[in-house]
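Here is a short report on one protein model. Look over the sequence and the fold first.

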Amino acid sequence: MGIDEKWPRRKLKCANQAEILRSHQRDDDFVKYLQEKLSEISQNFGVHRTLLPYIRSDIPLKLLYFVFTSGMGNQTLGEEYTGIVQVNLEKQKVPTLTVRILAAILECLGERMLLKLLQQFQAYVNHPHSELTPAAVTFFNTLLSKLRTMIPIIVLFHKGIFYIYGRYYSLGKRIAGLDYTKVYGSRPVDTISWGLRLLGIATLIQCLLRTWQSSTLQNTTVANISNAKYISHKCQLCLEATATTATLCGHLFCWNCLSEWLRVKPQCPFCREYVPPSRIVHVMNL
């Protein structure tokens with residue numbers, strides 16, 4: 001990271017929110033630039049379709065970017081631009097490579113991996129050959145659905161806390177104990193920007209509203225369970241037409257609704273799983 005031996009003996013100050021946000025914004029812009037260049041190169045060599053999943057997702061390029069910056073003990077472009085460095089403020093020292101790797105993996109993959117694991121566990125619970133009792137299946141379905149709903153809300157809640165207090169940009173960095181300190185350029189002021197504080201309060205209010213909405217939706221779902229046998233084969237978008245197509249993640253829709261949705265966004269309307277239009281499954285004998 002380029003920090004000299006005297007720095008751990010000094011009292012390191014946390015970089016302010018604006019500097020951290022600008023740093024990550026600059027890094028994200030560079031990753032998007034890499035995506036555009038990779039797309040152009042793949043088209044020139046005729047391998048665009050092969051590399052399309054990697055181009056659509058920014059995770060592979062983010063991890064590659066990490067390897068050549070933080071992974072090798074260097075600042076990212078955003079950190080150089082704002083004059084900040086990754087540091088463990090509690091221990092007043094530069095984080096080890098293991099900590100930096102942990103923070104990068106959690107930031108890039110943590111939420112998605114956890115949601116994917118919950119989805120797979122739910123699929124196991126609902127498998128026809130599962131030995132769980134009906135009561136256990138109902139309990140686990142309710143629990144896993146609530147967890148899958150609450151995880152994005154918890155991530156958003158943490159972002160609101162960051163806007164207010166300025167510590168730990170992401171939940172992954174908080175778990176790894178990795179923060180930022182200002183090492184050159186104008187020093188951060190001690191006062192917190194009122195604009196960012198108000199944004200943090202608005203974000204926390206949004207979390208409360210989303211929690212209330214998800215709770216209302218759960219209650220509605222439970223109330224309608226007795227009628228599930230009559231609606232389970234209906235399109236989950238229009239709730240009228242009989243489902244004739246399914247996504248790879250197993251959700252049922254009528255052809256008109258699903259094809260129209262995928263023209264706009266290649267994601268499952270229900271769980272937001274990536275769905276290539278060419279992989280729609282035609283369902284028979286419902």
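## Basis of the model

This is a predicted model: local features need pLDDT of at least 70, side-chain atom pairs count only at pLDDT 80 or more, and totals for chains, interfaces and linings use all residues. Residues are numbered from 1 along each chain as its sequence is written, and side-chain values use heavy atoms, with hydrogens and water left out.

## The second largest pocket

Rolling a probe the size of a water molecule over the atoms shows where empty space is left. Here a pocket is an open set of points on a 1 Å grid over the protein atoms alone, where a 1.4 Å probe fits, with protein on both sides within 12 Å along at least five of seven lines. Lining residues have an atom within 4 Å of a point. A volume is the space filled by probe spheres set on the points, which are joined across faces, edges and corners.

The second largest pocket holds about 1,200 Å³ of space. Its lining has 43 residues. Nearest the centre lie Leu106, Glu107, Cys108, Tyr169 and Ser170. Helices H1 (17-44), H3 (59-68), H5 (97-125), H6 (134-165) and H7 (171-176) each supply at least two lining residues. H5 gives the most, with 13. Helices (H or I, at least four residues) and strands (E, at least two) are DSSP runs, numbered from the N terminus.

By type, the lining residues divide into 22 nonpolar, 9 polar and 12 charged. Ala, Val, Leu, Ile, Met, Phe, Trp, Tyr, Cys and Pro count as nonpolar; Asp, Glu, Lys and Arg as charged; the others, Gly among them, as polar.

## The annotated span

An unreviewed UniProt entry places a "transmembrane region" at residues 150-171. Such annotations may be inferred rather than shown by experiment. In the model, the span is 77% helix and 0% strand. Its end C-alpha atoms lie 14 Å apart.

## Two positive phi values

Most residues other than glycine have a negative phi. Gln92 has a positive phi, near 55 degrees. Gln92 sits in the loop between strand E1 (84-87) and H5.

Tyr168 lies in the loop between H6 and H7. Tyr168 is buried, at 10%.

## Thr203 and its contacts

Thr203 lies in helix H8 (residues 194-223). Thr203 is buried because its relative accessible area is 7%. Which residues does Thr203 touch, not counting those up to four places away in sequence? They are Leu156, Gly160 and Tyr163. Contact means heavy atoms within 4.5 Å.

Key
Buried < 20%, exposed > 50% of the residue type's maximum accessible area, 1.4 Å probe, protein only.
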